[in-house]
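Please look through the following structure together with its sequence before reading on. The notes below take up a loop residue, a strand residue and a pair of helices in turn.

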Amino acid sequence: MQRGRVPPWVAALLPGLMGLLVCGSDFQHHRYEDMVRALFAVQSECPYVTRIYSIGRSVEGRHLYVLEFSDNPGIHEALEPEFKYVGNMHGNEVLGRELLIKLCQFMCEEYRAGNQRITRLIHDTRIHILPSMNPDGYEVAAKQGPEFNGYLVGRGNAKEIDLNRNFPDLNALMYYYEKTNGRNHHLPLPDNWEQQVEPETLAVIKWMQNYNFVLSANLHGGAVVANYPFDKSRDSRIRGRNTHAATPDDKIFRKLARTYSYAHSWMHKGWNCGDFFDEGITNGASWYSLSKGMQDFNYLYTNCFEITLELSCDKFPSASALPREWLGNREALVSYLEQVHHGIKGMVYDENNNPIGKAEVSVAGVNHDVTTGVDGDYFRLLLPGTYAVTASAPGYVASTSTVTVGPAEAIQLHFYLKRAPKQNLKVKPHNSKKNLSSPKSPFKLGPR
């Protein structure tokens, strides 16, 4: 992943930023240039545990800047999980953008102050924060401001494309494979997919390809609820009601959603924005079906578990509302991040202690596998319990171990695979791609 070049106007500002406090006590909305200044100010204040990089550009050429926190910025350390927060996917849903800027400032401040909880997170996790996935849409919305912004003005990118309806639709393929005992993870992308998505979507997909993310959240507005996969229904509406579309990891996703909801000051109470969501959480499809969304794509194409956080009734709240929103979300943002350290993790080696990349790690009874990264490490989020876990790779004899997972830190479970005898080598058949068209369904444009 190439580091984004720093524009000259930003470079000119850096000397002045060196002495800039990042306390951010004055809550305000950040236009693009303001946001970039704020991110570089944090990087200047915490230079040894942060890095700024660009994953690409928007339609109008604005950088999609990510601020990374790590004790070794720019380096993946084996067995250290990768986490991401994505904000402002819909340009006029601005609270997530402001919360993530404030989170960056907060983490830098607390690290400098010696906060043990934040220090441990930064030392044991590689954290990536993308405050704005849709900077072009934000600028359109910001011109109207909080008082006059419409429900849809600035939602899409510069070409008015909804980025949360712009990812390759892998759900139809997954639902077909469920019936045919086909592949259950890392589904293939359709041909010419790069020509079918917007520049912002392309940048995020390439980002996912370059980093082995374990856990993520996507921050939206227009409701107050933690929404978990699947977003797309398996079936059409039954008797006028939407149906729950569970992933194989439904219980884990419910727990992740509840982690945020109950750590949030009021989300868990259920009644918000005129809607009621029990415990402040919902399955996406049971709310309303959504195709080509980002959270389903994360689960079906990568190792990453992502939920969608709807954080405010007002999509563009006034600046005066930001302090209350920050206090309501601060603990939830940190608590959710800590969930990346649960379940199991480990290395998959060959007989000579060489790491094996792209090995598959499966859990008996859960029809969704994960794979090792290039360094041979894997991460598997699991609830407390006892599991039979199998590691396999082409050309090796699969190995199975039993592990008991507790409620605390992830249990380390390593595998050493032996070479399979040549006569036993079998190529695992791959299901052919099928051009499955999605069934037509009534179009509903909700907060997500």
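**A loop residue and its surroundings**

Asn-303 is located in the loop that lies between α10 and β10 (305–312). The model described here is a predicted one, and it has 11 helices and 18 strands in the protein. Of the 448 residues in the protein, 56% are buried, and among the contacts with a separation of 6 or more, 76% are accounted for by residues 24 or more positions apart.

**Asn-303**
- Is Asn-303 buried or exposed? Asn-303 has a relative accessible area of 9%, and because this falls under 20%, the residue counts as buried.
- The side chain of Asn-303 makes a polar contact with the side chain of Asn-212, at 2.9 Å, and the side chain of Asn-303 also reaches the backbone nitrogen of Thr-371, at 3.0 Å.
- When neighbours within four places in sequence are left aside, Asn-303 is in contact with His-186, Asn-212, Phe-213, Val-214, Val-370 and Thr-371.

**Lys-345**
- Lys-345 has its place in strand β11, which covers residues 344–350.
- With a relative accessible area of 14%, Lys-345 is under the 20% cut-off and is therefore classed as buried.
- Which backbone atom does the side chain of Lys-345 reach? The side chain of Lys-345 reaches the backbone oxygen of Leu-79, at 2.9 Å.
- Apart from neighbours within four places in sequence, the residues in contact with Lys-345 are Leu-79, Tyr-378, Phe-379, Ala-410, Ile-411, Gln-412 and Leu-413.
- Although Lys-345 and Arg-380 are 35 residues apart along the chain, their C-alpha atoms are separated by 6.1 Å.

**Helices α7 and α10**
- Two packed helices are described by the angle between their axes and by the distance between those axes.
- The axes of helix α7 (residues 199–210) and helix α10 (residues 294–301) come within 12 Å of each other and cross at roughly 30°.
- Because angles under 35 degrees count as roughly parallel, α7 and α10 are roughly parallel to each other.
- In passing α10, helix α7 makes a right-handed crossing.
- On the α7 side, the contact is made by Val-204, Ile-205, Met-208 and Gln-209, while on the α10 side it is made by Met-294, Phe-297, Asn-298 and Tyr-301.
- Sorted by class, the residues in this contact of α7 with α10 are six nonpolar and two polar, with no charged residues.

How values were computed: Residues are numbered from 1 along each chain as its sequence is written. This is a predicted model: local features need pLDDT of at least 70, side-chain atom pairs count only at pLDDT 80 or more; totals for chains, interfaces and linings use all residues. Side-chain values use heavy atoms; hydrogens and water are left out. Helices (H or I, at least four residues) and strands (E, at least two) are DSSP runs, numbered from the N terminus. Buried means under 20% relative accessible area, exposed over 50%, partly exposed in between (1.4 Å probe, protein chains only). Contact means heavy atoms within 4.5 Å. A polar contact is a pair of N or O atoms within 3.5 Å; within protein, one must be able to donate a hydrogen and the other to accept it, and residues adjacent in sequence count only if both atoms are side-chain atoms. Axes are lines fitted to C-alpha atoms, for helices over the stretch in contact, and angles run from 0 to 180 degrees between N-to-C directions. Angles under 35 degrees count as roughly parallel, over 145 as roughly antiparallel, 65 to 115 as roughly perpendicular and the rest as oblique. A crossing is left-handed if the near helix is turned anticlockwise from the far one by less than a right angle, and right-handed if clockwise. Ala, Val, Leu, Ile, Met, Phe, Trp, Tyr, Cys and Pro count as nonpolar, Asp, Glu, Lys and Arg as charged, and the others, Gly among them, as polar.
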